[in-house]
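Have a look at the sequence and the 3D view first.

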Amino acid sequence: MPPHIHMPFWLPFKKHSIKNAFSCLHRLIDYLIGLEKVINPISVFSFSLMRLRHRKCIPSCSSHHRVDEDDYPWRHKKGNVLEWLHKSLIRKPILAQCITTAMVGPRTWIGGIFSRTGVKSSGSNIDFKWTPVQEARYQRLRDRMNVPYDETCIEHQKALVELWNLAYPNVTLQGLISDQWKEMGWQGANPSTDFRGCGFLSLENLLFFAKTFPTPFRRLLLKQRGTRAQWEYPFAVAGINVSFMLTQMLELYSVKPRCHHCVNFVKILGEDEEAFDVLYCIAFALMDAQWLAMHASYMEFNEVLQITRTQLERELALEDIHRIRDLPAFNLLDT
């Protein structure tokens with residue numbers, strides 16, 4: 001993102017479509033205000049697209065910029081819009097989810113407002129016959145989940161030091177127990193105490209993120225994008241929470257998953273053994289995007305994490321998802 005542009009979050013659209021994306025979302029909300037209820041979702045969206053036709057621009061009295069003629073009724077209704085959003089969109093998490101869905105690309109942002117026919121039912125007790133490869137990789141993933149972090153294990157110590165070196169390549173680590181760890185977002189001087197919630201798997205996830213997607217990793221670590229809260233989420237502890245959330249979402253505690261999005265993930269895992277680790281990176285980036293869209297603070301972290309989980313479950317349940325990189329939210333790692 002160019003340094004001279006200031007936005008609360010960054011949309012992975014092409015330059016010429018950013019304005020249209022926001023304009024479409026605003027005008028859709030504007031139309032729903034007058035409609036008061038959605039009678040036919042398809043016709044509502046079609047109407048919103050029709051309103052995107054070319055309009056004359058007129059000078060604004062308050063600035064030197066040229067303003068679309070639709071901006072005037074929008075500005076006049078601003079007070080009513082805020083009240084309506086509060087009451088009719090069921091508070092800011094719902095609006096934030098719509099906005100963040102828009103951020104991950106055109107394939108699903110409509111689905112964030114209306115029902116997408118490509119999403120499978122979320123019913124339980126779904127039986128499926130998995131292949132030997134799928135079963136073996138799923139079991140290996142479950143085995144990884146059950147490995148605790150051992151601060152006396154040399155391998156685990158080296159992995160922790162490697163994470164520091166990837167995060168701060170120009171800063172020398174003073175020791176495995178040091179106040180320096182707090183800069184990364186650990187709760188205390190000894191990060192080993194934070195791994196109790198998810199074990200060594202969470203450290204492996206952070207390492208994979210740093211090695212495979214170094215640019216978004218550092219962007220999230222250093223909070224380089226968007227308008228940040230005064231009380232930001234701690235990066236490392238948030239990463240552990242993301243790992244734990246994924247193990248629960250994918251039912252890794254079960255011998256065999258049953259829900260649609262879990263079954264679909266196992267099929268993806270059969271094609272790509274790194275699917276879980278890549279999904280972790282997607283989830284972390286999506287969580288940060290939700291955080292920015294909600295203008296959240298530290299006390300709202302669990303709420304943001306739950307919204308992130310809901311979005312991932314929806315995307316994993318799409319029928320046309322065959323690789324983990326097909327997830328619409330994967331776009332967040334390319335920005």
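Which residues in α6 meet which residues in α12? V133, Q134, R137, Y138 and L141 in α6 meet F265, V266, K267, L269, G270 and E271 in α12, where contact means heavy atoms within 4.5 Å. By class, this contact of α6 with α12 has six nonpolar, two polar and three charged residues.

Before going on, note that this is a predicted model, in which local features need pLDDT of at least 70 and side-chain atom pairs count only at pLDDT 80 or more, while totals for chains, interfaces and linings use all residues. Residues are numbered from 1 along each chain as its sequence is written, and side-chain values use heavy atoms, leaving out hydrogens and water.

The helices, which are DSSP runs (H or I, at least four residues) numbered from the N terminus, are listed here:

| Helix | Residues |
|---|---|
| α6 | 132-145 |
| α11 | 235-249 |
| α12 | 260-271 |

The axes of α6 and α12, lines fitted to C-alpha atoms over the stretch in contact, come within 8 Å and cross at roughly 100°. That makes α6 roughly perpendicular (65 to 115 degrees) to α12.

Now zoom in on Q134, which lies in α6. Q134 is buried (under 20% relative accessible area), with a value of 10%. Leaving aside residues up to four places away in sequence, Q134 touches F128, V266, K267 and G270.

Finally, turn to α11, a mostly covered helix: twelve of its 15 residues are buried, including F235, I240 and L246. After α11 comes E251, whose phi is positive, near 55°.

Note on methods:
Helix = DSSP H or I, 4+ residues; strand = E, 2+ residues; numbered from the N terminus. Buried < 20%, exposed > 50% of the residue type's maximum accessible area, 1.4 Å probe, protein only. Expected span 1.5 Å × (residues − 1). Axes fitted to C-alpha atoms, helices over the stretch in contact; angles between N-to-C directions. Parallel < 35°, antiparallel > 145°, perpendicular 65-115°, else oblique. Nonpolar A, V, L, I, M, F, W, Y, C, P; charged D, E, K, R; others polar.
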